[in-house]
Amino acid sequence: MQRLIALLIMVIPGIAGVVGIKLMRDVLFGIYYGFGALWLQFAAGFILFVCGLSFVAGFVFYRDRKRNKVQTRFQKK
């Protein structure tokens with residue numbers, strides 16, 4: 001059960017990142033989704049992408065740091 005919850009915690013930010021990439025891509029092709037302007041749609045997509053990517057990267061870094069699989073400069077002192 002814990003692994004399923006951990007998987008869901010990882011999937012939700014991953015989906016947010018994918019939606020962010022899609023919004024930014026659609027701005028380049030001129031597809032409009034009801035935001036106030038295309039630049040606003042791009043900004044929302046960029047924020048979703050960065051937040052999703054940083055959450056997943058932070059989770060992986062935290063896990064690797066706990067298992068001592070990072071370089072010596074990133075290990076806890």
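Asparagine 68 is found in the segment after helix 2, where helices (H or I, at least four residues) are DSSP runs numbered from the N terminus. This is a predicted model, in which local features need pLDDT of at least 70 and side-chain atom pairs count only at pLDDT 80 or more, while totals for chains, interfaces and linings use all residues. Residues are numbered from 1 along each chain as its sequence is written, and side-chain values use heavy atoms, with hydrogens and water left out.

**Asparagine 68**

- Phi of asparagine 68 is near 55°, a positive value in a residue other than glycine.
- Asparagine 68 is exposed, at a relative accessible area of 56%; exposed means over 50%, buried under 20% and partly exposed in between, with a 1.4 Å probe and protein chains only.

**The two helices**

- Helix 1 (residues 2-28) and helix 2 (residues 38-66) have axes that come within 7 Å and cross at roughly 150°. Axes here are lines fitted to C-alpha atoms, for helices over the stretch in contact, and angles run from 0 to 180 degrees between N-to-C directions.
- That makes helix 1 roughly antiparallel to helix 2, a label for angles over 145 degrees.
- The contact of helix 1 with helix 2 has, by class, 17 nonpolar, six polar and one charged residues. Ala, Val, Leu, Ile, Met, Phe, Trp, Tyr, Cys and Pro count as nonpolar, Asp, Glu, Lys and Arg as charged, and the others, Gly among them, as polar.

**Residues within the helices**

- Valine 11 lies in helix 1 and is partly exposed, with a relative accessible area of 34%.
- Between valine 11 and glycine 52 there are 9.5 Å in space, C-alpha to C-alpha, although they are 41 residues apart in sequence.
- Glycine 45 lies in helix 2 and counts as buried, at 0% relative accessibility.
- The C-alpha atoms of glycine 45 and tyrosine 33 are separated by 11 Å, and the two residues are 12 apart along the chain.

**The largest pocket**

- The largest pocket has a volume of about 320 Å³. On a 1 Å grid over the protein atoms alone, a pocket is an open set of points where a 1.4 Å probe fits, with protein on both sides within 12 Å along at least five of seven lines; lining residues have an atom within 4 Å of a point.
- Its lining includes Gln2, Arg3, Phe59 and Tyr62.
- Helix 1 gives the most to the lining of the largest pocket, with five residues.
- By class, this lining has five nonpolar, one polar and four charged residues.

Methods
Angles under 35 degrees count as roughly parallel, over 145 as roughly antiparallel, 65 to 115 as roughly perpendicular and the rest as oblique. Grid points are joined across faces, edges and corners, and a volume is the space filled by probe spheres set on the points.
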